[in-house]
Amino acid sequence: MKNVTDNQGSQEQLKNIGDKIDELGPWFHNIHLPDGTQTAPNHFLGDFPTFKWDNIRQHIPRNMIGLKVLDIGCNAGFYSIEMAKRGAHVVAIDLDEHYLKQARWVTEQFGMSDVITFKKMQVYDLAKYAGEFDLVLFMGVFYHLRYPLLALDIVAQKASNHFIFQTLAMPGKEEMEVPADIPFHERDILKDPAYPSMAFIEKSLAGDYTNWWVPNHQGVVSMLRSCGFTVETMPEDETYVCRKDPNLLTDFNTWNYSEYLSATGQEWEQEVEKKTRQKF
């Protein structure tokens with residue numbers, strides 16, 4: 001009799017979970033819940049993002065106890081959960097309350113609400129967020145941004161060590177030694193397929209009007225370098241595992257810091273005065 005009761009209880013619990021998944025849908029992350037239920041088992045991409053995680057996971061420390069992680073564009077929380085499983089404390093941000101509701105519920109199912117904090121934020125809001133993170137995940141967001149390099153500059157100030165970056169990119173892996181300077185009358189190099197560049201999508205790509213920018217491979221590498229990151233490896237196409245490199249250009253004083261301050265809603269005039277004084 002007890003087994004029958006237990007089975008009925010388990011079936012009722014599964015039914016309740018299934019109803020909750022339907023209530024919170026549609027889902028873009030197919031998350032395998034602790035009871036074996038999946039949030040999007042018929043995902044058009046397959047078992048997403050598990051198949052991407054299988055390529056990335058070996059490049060992330062197994063023991064992340066005491067580490068702080070920032071998950072930008074967390075969606076339903078797949079990567080946040082995986083980081084928390086390794087012992088990390090995670091701050092996960094997204095601008096869409098629909099996905100944040102999913103993420104909070106999923107986190108409860110894993111019993112991890114005490115180690116993952118979800119915030120409704122734009123990536124640009126991080127400019128005023130105090131603190132740094134040992135690992136920053138910036139995946140599937142860059143090409144949706146109208147102001148992508150500003151966002152990357154902001155994110156670079158939050159990453160103290162490891163950085164995982166994924167973006168939609170142009171076909172090809174052409175690379176080049178980017179010249180230190182381009183003479184004014186020798187700009188033909190800009191037409192080289194390997195020269196760092198981004199295509200602007202004026203209308204729509206894949207039916208999504210928020211797909212604004214598609215960089216080429218060298219463009220990604222060069223932008224990451226300009227923000228202070230060295231690419232260590234590419235575990236799959238369009239995904240870059242990076243590390244903060246103190247030897248690269250990371251000092252805002254070497255470029256127009258006042259522009260950054262103005263773009264992020266901070267006081268900038270004093271910075272201009274400082275540069276003016278340095279000229280004389």
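Arg104 is found in helix H4 of this predicted model. Arg104 has a relative accessible area of 31%, which lies between the limits of 20% and 50%, so Arg104 is partly exposed. Leaving out residues up to four places away in sequence, Arg104 touches Glu97 and Phe118. Gly77 is 27 residues from Arg104 in sequence, and their C-alpha atoms are 7.9 Å apart in space.

**Nonpolar cores**

- The largest nonpolar core has 34 residues, and those with the most contacts inside it are Trp27, Ile60, Val69, Met83, Trp105 and Ile116.
- Two or more residues of this core come from each of helix H1 (2-24), helix H2 (50-56), helix H3 (78-85), strand E2 (89-94), helix H4 (97-109), strand E3 (116-120) and strand E4 (133-139).
- H3 gives the largest share of this core, five residues.
- Apart from this core lies another one, of 32 residues, among them Ile72, Val155, Ala159 and Leu261.
- In soluble globular proteins, nonpolar side chains tend to be buried together.
- Beyond its neighbours within four places in sequence, Trp27 is in contact with Ile21, Thr39, Ala40, His43, Ala76, Gln102, Trp105 and Val106.

**The largest pocket**

- The largest pocket holds about 970 Å³ of space.
- Its lining has 33 residues, of which Phe28, Gly140, Val141, Tyr143 and His144 are the closest to the centre.
- H2, strand E1 (68-72) and E2 are the elements that give two or more residues to the lining of the largest pocket.
- By type, the lining of the largest pocket consists of 20 nonpolar, eight polar and five charged residues.

**Aromatic pairs**

- The structure holds 16 aromatic pairs.
- In one of them, Phe200 and Trp212, the ring centres are 5.9 Å apart and the planes meet at 10°; the pair is stacked because this angle is under 30 degrees.
- Phe200 lies in strand E6 (residues 198-200) and Trp212 in the loop between E6 and strand E7 (213-215), so the pair ties together parts that are 12 residues apart in sequence.
- Phe200 counts as partly exposed at 40% relative accessibility, whereas Trp212 counts as buried at 18%.
- Phe138, Phe142, Phe163, Phe165 and Phe229 are linked into a cluster by ring pairs.

**Helix H6**

- Helix H6 (residues 217-226) is mostly covered, with eight of its 10 residues buried.
- These buried residues are His217, Gln218, Gly219, Val220, Val221, Ser222, Met223 and Leu224.
- The buried residues of H6 pack against helix H5 (148-156), strand E5 (159-166), E6, E7, strand E8 (229-236) and strand E9 (239-244).
- Gly228, which follows H6, has a positive phi near 100°.

**Backbone details**

- Gly25 and Pro26 are joined by a cis peptide bond with omega about 0°, and Pro26 has its place in the loop between H1 and H2.
- Another cis peptide bond, with omega about 5°, joins Phe48 and Pro49; Pro49 is also found in the loop between H1 and H2.
- Asn75 is not a glycine, yet has a positive phi of about 55°. Asn75 is found in the loop between E1 and H3 and counts as buried at 8% relative accessibility.
- Ala206 is not a glycine either, and has a positive phi of about 55°. Ala206 lies in the loop between E6 and E7 and counts as exposed at 77% relative accessibility.

Conventions
Residues numbered from 1 in each chain as written. Predicted model: local features only at pLDDT ≥ 70, side-chain atom pairs only at ≥ 80, totals over all residues. Heavy atoms only, no water. Core = buried A, V, L, I, M, F, W, Y, C linked by side-chain atoms within 4.5 Å. Buried < 20%, exposed > 50% of the residue type's maximum accessible area, 1.4 Å probe, protein only. Helix = DSSP H or I, 4+ residues; strand = E, 2+ residues; numbered from the N terminus. Contact = heavy atoms within 4.5 Å. 1 Å grid on protein atoms, 1.4 Å probe; cavity = no way out; pocket = protein on both sides within 12 Å on 5 of 7 lines; lining within 4 Å. Points joined across faces, edges and corners; volume = space filled by probe spheres on them. Nonpolar A, V, L, I, M, F, W, Y, C, P; charged D, E, K, R; others polar. Phe/Tyr/Trp six-rings, centres within 6.5 Å; stacked < 30°, edge-to-face > 60°.
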